[in-house]
Amino acid sequence: MAAQSTLKCMTHPAYRPTLELVLREALDYLDQVDDRPVRPTASLAELRSRLGKVLNDESIAANQVLEDLVRDTRGGFLASTGGRFFAWAIGGSLPAAVGADWLTSVWDQNATLYRSSPAASVIEEVAGLWLKELLRLPLSASFAFVNGCQMAHATCLAAARNELLSQRGWDVEKQGLAGSPGCRVIASNRHGSIERAVRLLGIGEGNVIDLPLDATELATAEALEQALRDTTAGVPTIVILQAGEFNTGGFDRFEELIPLAKSHGAWVHIDGAFGLWAAASSKFDHLLRGCDRADSWVTDGHKWLNVPFDSGYAFVARGAAHRAAMSVRASYLVHDPEARDQINWNPEWSRRARGFSTYAALRELGRNGIADLVNRCCGFAQMLTDGLAELRGVELLWRPVLNQGLVRFRHPSAGTEDDHDAYTDTVIQRIVAEGCTFFMGTKWHGHRVMRISVLNWQTDRQSIDTAIRAVAKCLLPEYGR
Ligand SMILES: *Cc1c(COP(=O)(O)O)cnc(C)c1O
């Protein structure tokens, strides 16, 4: 007892100076984030030489460790938490979500079982229900808080694999895939995380069939019907559709495609990494019509909800298949039949209590705040895309249906498409180097293009004007005033 109380007296004061230092440094970082270049300013060699110390033999005081860390990482960050970042699909972090995330570390809970952290279990129960309400998913769906859509795909597709094979009398959890009827995946244009989930699950990339897209970049019912009926018909089938395609933000025609897929006995999985949040806005929820009839859905908290990394969610309409694919038992685990044990739904064993930051973000914004965030980001994406399209040298390729647009830069005196591709990459490099804003390129219909994605709660009118001016400046060498 004596030893314990001594320990207690010593531990508490030990944290205070450290957390006070962290608070100061955190506020400094956030204060400066708007005044510094969006791109990182430290080179690879600099970061390696500053951080690559010989591991010390003796202890170092915690504050010293953190002061060194702050100094040595300086310039090694992408200011994606700020409002002038439009690359990939990243999103920032809301104050309450950052605060809850800090507390999550302080509380240091292993959110595996109700018994290992009652509050973490209940908060996931509550936030899971809120998410289903907001995203207009069946309230009876099971769910898991995972680290992103990558693992959410793996979780949902494991449930799909379990269900489709058990319908054919095959227990894939016990028997594995070898010798089973197998699985095939039919998918519209998809994010690479689908392929990786399919690899992890042993389905194999070679068993993913591409659905041809029409002029609006969407899969048609005819194409799906044909794929469902082709030579491999009869093989257990997972159909994967997009709620927010990664380049265009486009939505598949759920009302037509989901009933069609299901009439062939397929499991329908929806990738809504950012697009599922359209459900929270009455202006955009029509894009998701019929989507609630799928079998599983994924979305992220670390993108549009502006929760700090990492945070993703998996939802499964057939909870029994989800649980059968994930649940484990071990002699030392204790279960409470009344409460939620996350280990029944999650692919991880020990895990961070991710529910706290999601819960905090949802309450900070509220239903109206989330709708407003979605509407604002979509409005700014339109404004940014249209503003860029007005500049000389900019070709508009995709006007946002949601929060994403695509443009390309055309060289005034170049003849070939390859020249325009090279020019597009050059202009993107100039924009990044200039530092006021940050975009990235992608390949679309065989050409280099610049992607515009707006997901950050801090993006405002001024961020958009600054970004347009920055791009205009980078076109000056070829286009003049
Ligand atoms: C970001 C993204 C993913 C991958 O999600 P992570 O959270 O990075 O694992 C999957 N699909 C789409 C459409 C995405 O935008």
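Analyst: **A side chain and its surroundings**

Gln 404 sits in strand S9 (residues 404-409). Strands here are DSSP E runs of at least two residues, helices are H or I runs of at least four, and both are numbered from the N terminus. The model is predicted: local features need pLDDT of at least 70 and side-chain atom pairs 80 or more, while totals for chains, interfaces and linings use all residues. Numbering runs from 1 along each chain as its sequence is written, and side-chain values use heavy atoms, without hydrogens or water.

Gln 404 has 0% relative accessibility, so it counts as buried. Buried means under 20% relative accessible area, exposed over 50%, and partly exposed in between, with a 1.4 Å probe and protein chains only. The side chain of Gln 404 makes a polar contact of 2.9 Å with the side chain of Ser 453. A polar atom of the Gln 404 side chain also lies 3.3 Å from the backbone oxygen of Asn 247. A polar contact is an N or O pair within 3.5 Å; within protein, one atom must be able to donate a hydrogen and the other to accept it, and residues adjacent in sequence count only through two side-chain atoms.

Next, the ligand. Asp 271 places a polar side-chain atom 2.7 Å from a ligand nitrogen. The side chain of His 302 has an N or O atom 2.8 Å from a ligand oxygen. Cys 149 uses a backbone N or O atom, 2.9 Å from a ligand oxygen. The protein covers 84% of the 380 Å² of accessible area that the ligand has on its own, by the Shrake-Rupley method with a 1.4 Å probe.

H6 covers residues 149-166 and reaches 25 Å between its first and last C-alpha atoms, close to the expected 26 Å. The expected span is 1.5 Å times one less than the number of residues. In H6, 16 of the 18 residues are buried, so the helix is largely enclosed by the rest of the structure.

A kink of about 90 degrees is centred on Gly 366. The bend is the angle between axes fitted to the seven residues ending at a residue and the seven starting there.
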